[in-house]
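Work through the exercises below with the model open. Try each task before reading its solution.

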Amino acid sequence: MKFTRDWLFDHLDTDCRLDEILEILPMLGLEVESVTDLASALAPFTIAEVISAEQHPNADKLRVCMVNTGSGDPIQVVCGAPNARAGMKGVFAPAGAYVPGIDLTLKAGEIRGEASNGMLCSEREMELSDEHDGIIDLPADAPVGAAFAPYAGLDDPVIEIAITPNRADCLGVRGVARDLAAAGYGT
């Protein structure tokens with residue numbers, strides 16, 4: 001069964017941190033199979049604004065973009081997305097960031113003679129969906145420089161537990177919360 005931390009805490013009033021809850025669950029007969037924390041995986045990804053998007057001088061399908069990341073001088077990024085345009089806000093991954101959807105750690109480099117110091121990302125590259133027609137186009141009021149995961153509501157870890165046949169009472173998050181409360185870890 002899968003549930004999020006916030007969903008569990010909607011049903012359980014506790015002072016325990018998530019890591020403590022994860023240690024307690026197996027003692028209650030609820031094996032933790034996995035915890036997926038997208039906020040950690042997407043920590044280096046920030047909201048950025050494309051200041052300019054000019055045609056790449058040596059490639060028909062590429063654009064040379066100047067990107068405001070909210071942390072100093074604009075950064076040059078070579079982008080192949082058809083929707084990259086001046087004034088849009090999107091998700092920026094700096095050099096050194098791991099991009100899970102393409103299994104690649106970004107490096108600063110040159111693409112057909114133009115410097116590229118990061119990447120403007122699509123949903124597929126961030127493993128948010130299979131959408132890869134262009135980079136993520138955020139609303140105009142998205143805060144430049146802010147971390148993307150909390151902005152997008154991806155900062156709530158997903159917990160998966162195994163349910164044995166004798167624990168049908170924990171097939172819902174309310175049952176898990178009730179077990180934790182009964183064991184003295186909240187109300």
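## Exercise 1: Overall form

Of the 187 residues of the protein chain, 37% count as buried, where buried means under 20% relative accessible area, exposed over 50% and partly exposed in between (1.4 Å probe, protein chains only). This is a predicted model: local features need pLDDT of at least 70, side-chain atom pairs count only at pLDDT 80 or more, and totals for chains, interfaces and linings use all residues. Residues are numbered from 1 along each chain as its sequence is written, and side-chain values use heavy atoms, with hydrogens and water left out.

**Task.** Describe the secondary structure and the spread of the protein chain.

**Solution.** 
1. Count the elements. The protein chain has five helices and 12 strands. Helices (H or I, at least four residues) and strands (E, at least two) are DSSP runs, numbered from the N terminus.
2. Compare the radius of gyration with the globule rule. The radius is 21 Å, well over the 16 Å that the rule gives for 187 residues, so the chain is more spread out than a compact globule. The radius is taken over C-alpha atoms, and the rule is 2.2 Å times the number of residues to the power 0.38.
3. Check the box. Along the principal axes, the C-alpha atoms fill roughly 65 × 30 × 25 Å.

## Exercise 2: Confidence

**Solution.** 
1. Start with the chain. Its average pLDDT (the predictor's confidence in each residue, from 0 to 100) is 95, and 100% of the residues score at least 70.

## Exercise 3: Cys65

**Task.** Is Cys65 buried or exposed, and what is it in contact with?

**Solution.** 
1. Cys65 lies in strand β4 (residues 63-68).
2. Read its accessibility. Cys65 counts as buried because its relative accessibility is 0%.
3. List partners, leaving aside neighbours within four places in sequence. Cys65 is in contact (heavy atoms within 4.5 Å) with Val50, Ser52, Ala53, Ile75, Gln76, Val77, Cys79, Ala84 and Leu120.

## Exercise 4: Helix α5

**Task.** Which elements do the buried residues of α5 pack against?

**Solution.** 
1. Identify the residues. In helix α5 (residues 173-182), the buried ones are Val173, Gly175, Val176, Ala177, Asp179 and Leu180.
2. Find their partners. They pack against β1 (2-4), α1 (5-11), α2 (18-27) and β12 (158-162).
3. Look past the helix. Just after α5, Gly184 takes a positive phi of about 95°.
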